[in-house]
Amino acid sequence: MGARGAALVALAASGAYLALAAGFPLGTAASPGAGLFPVAVGAYLVLVAGALTLAAFRRERAAAVTPGVAVPAGARRRVAVTIAALAGFCLALPWAGYPVVAFAFVTLLLGRLGGGGWAGAAAAGLLVAGASYYLFAVLLGVPLPLGLLG
Amino acid sequence: MGPVEGLVYGFGVALAPANLLACFVGVLIGTVVGVLPGIGPIGAMALLIPSTFALSPATALIMLAGIYYGAMYGGSTTSILVNVPGEAASVVTTLDGYQMARRGRAGAALTVAAMGSFVAGSLGVVGIVLSASWLADQALRFGPPEYFALSAMGLAILSRLSGGAVRMSLLMVGLGLALGTVGMEPISGVRRFTFGVLQLAQGIELVPVIMGLYGVAEVIVLAEEGLRKADLARVRLRELFPTREEWGRSAMPIARGSVVGFVAGLVPGPAAVLSTFVSYALERRVSKTPERFGHGAIEGVAGPEAANNGATAGAMVPLLSLGIPFAPATAILLGALVIHGVQPGPLLMVQRPEVFWGVVASMYIGNLFLLVLNVPLVGVFVSILRLPQHVLSTLVLLLCLVGAYSLNNSPLDLWVLVGMGIVGWAFRKLAIDPAPLIVALVLGPFMENTLRQTLFMAHGDWRLLVLRPLSLALLLVGVLVLAAPPVVAALRRTRRAA
């Protein structure tokens with residue numbers, strides 16, 4: 001996504017925020033309601049995002065180089081694996097439970113990012129999942145769900 | 001309680017076994033995260049907030065503050081030995097520190113850096129005691145309009161001084177303020193931007209936002225860069241002692257760096273980073289042999305290393321005396337205070353003296369710990385760099401996930417963490433500094449409160465914000481900081497064209 005696209009997204013999001021904020025009670029000047037501050041923030045956001053959009057269009061017209069979110073091909077896979085592992089952890093934790101999810105999470109990341117064997121990654125996953133559950137849930141009292149093992 | 005009695009009382013608090021242990025653990029973690037490139041003190045502090053729930057407020061803050069200033073010590077180690085700054089505030093140290101290491105003077109550079117940090121940290125404690133007491137007295141005269149104006153001014157200065165384009169920083173401020181409006185409005189109970197999600201009624205937690213933007217984003221960046229292996233220089237114990245000439249050359253830069261750093265810390269913005277550049281430029285300017293800079297001049301290590309520690313002390317002043325954070329790290333400390341039920345502000349010194357004076361005194365003790373940890377044990381910390389990066393990254397992610405979940409036992413915090421991690425990674429690619437977002441997120445609810453109180457006070461008359469002299473002055477400073485540079489540039493262009 002180029003600078004123009006990013007600026008347009010920011011402007012649209014700011015407009016949407018302002019529109020939603022306008023729906024809250026504004027109250028009066030002497031007794032402001034819950035909508036006053038969000039409306040002020042929304043107006044500020046629209047103003048700044050508008051200025052950014054104008055600047056982006058002017059800059060691109062002048063053919064200036066702008067930073068982008070381009071990722072080299074090999075790196076893209078590692079980023080995708082990391083984000084997928086994080087999303088998988090969030091999705092699976094409530095029903096699969098911490099020990100199983102932590103094992104899968106650590107095994108996947110060590111196996112895919114480390115370039116070593118899967119057996120070593122799985123062994124490390126087992127160790128980390130067990131040790132971290134003991135540390136956080138048993139010693140520190142964090143109520144981590146047991147899920148499938150519960 | 002006067003400053004001297006306060007400091008004596010503070011040492012009593014800080015020397016209690018639990019606080020002493022918290023201080024040691026904090027500076028130890030700070031040194032480790034400072035040594036490790038990528039995992040900074042901000043992410044580490046956010047990560048450890050949940051682990052402080054069982055501690056007293058003073059103990060929690062002593063530990064978290066220890067991470068903050070401890071990271072400045074650790075950051076210099078990798079700058080000097082590996083030419084990789086562990087922290088942004090140690091970038092300048094690579095210029096001469098690594099050149100010294102190449103000439104076999106790594107030990108001397110490390111010792112001078114640690115001593116400079118110790119002196120600046122110790123002088124910073126004196127600075128906090130003197131300025132925070134005075135500022136807190138003055139702040140007792142502040143009303144809601146002044147607090148609103150001060151927060152607005154702080155955000156304006158932060159936008160101007162943060163990395164990247166000013167427009168982008170201003171957008172980050174807006175984004176932070178907008179995130180701060182999510183949840184149940186405290187006065188009328190109206191639910192704002194919750195979209196029917198019950199858990200959003202409590203608002204967006206600061207901790208997963210910070211852990212996402214700094215911790216998770218950093219790990220994604222490291223994953224993208226692939227595996228790296230650090231090439232470590234070896235340091236022998238006998239090389240740790242600087243020569244008499246090196247000490248002589250370092251003394252004044254340390255003194256100047258301490259002052260530059262402390263003053264920079266008082267100003268909103270990335271003070272620790274800025275102060276090192278200012279200190280380096282200053283040392284180069286006052287040197288009779290400026291050509292040595294960049295080729296292993298010890299002044300180029302001593303000044304900036306003192307400055308970044310002085311800045312961490314200076315940054316504590318607005319937090320402890322006004323209850324207003326001007327940087328992400330102090331925003332986390334404020335968040336931690338609020339979580340522990342402590343109301344920061346000018347009355348902190350009176351109502352919770354054990355927190356105020358205990359933290360201030362602990363900074364002196366922490367600096368002593370750091371001096372001992374960082375000079376003879378430097379080899380131990382450097383060996384941490386040998387830990388494979390993918391193992392470290394995986395463990396950091398797991399800690400972030402458990403830390404975020406433990407806040408409310410809610411999957412929503414996990415999604416905020418991951419979402420902010422992806423946003424933070426995109427910010428890095430677009431060269432956007434998320435610091436204004438964090439500070440605005442913390443200050444947002446406070447600004448809303450003070451704005452509404454101002455309007456109540458003035459019976460709806462907005463002009464009260466500009467009718468009170470102090471409030472007007474603070475707002476004018478903010479406007480000037482934002483408007484002056486483009487106006488001056490436009491005038492110059494007009495003059496040149498004419």
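**Helices of chain B, questioned**

Guide: Just after helix 12 of chain B, G323(B) takes a positive phi of about 75°. Helices here are DSSP runs of H or I, at least four residues, numbered from the N terminus. This is a predicted model, where local features need pLDDT of at least 70 and side-chain atom pairs count only at pLDDT 80 or more. Residues are numbered from 1 along each chain, and chains are lettered from A.

Visitor: What is the average pLDDT of chain B?

Guide: Chain B averages 85, and 96% of the residues score at least 70. pLDDT is the predictor's confidence in each residue, from 0 to 100.

Visitor: What makes helix 12 of chain B largely enclosed?

Guide: Buried means under 20% relative accessible area (1.4 Å probe, protein chains only). In helix 12 of chain B, 24 of the 24 residues are buried, so the rest of the structure largely encloses it.

Visitor: Why is helix 4 of chain B called roughly antiparallel to helix 6 of chain B?

Guide: Their axes come within 10 Å and cross at roughly 160°. Angles run from 0 to 180 degrees between N-to-C directions, and over 145 counts as roughly antiparallel. That makes the pair roughly antiparallel. Contact (heavy atoms within 4.5 Å) involves residues including Y73(B) of helix 4 and F118(B) of helix 6.

Conventions. Heavy atoms only, no water. Buried < 20%, exposed > 50% of the residue type's maximum accessible area, 1.4 Å probe, protein only. Helix = DSSP H or I, 4+ residues; strand = E, 2+ residues; numbered from the N terminus. Parallel < 35°, antiparallel > 145°, perpendicular 65-115°, else oblique.
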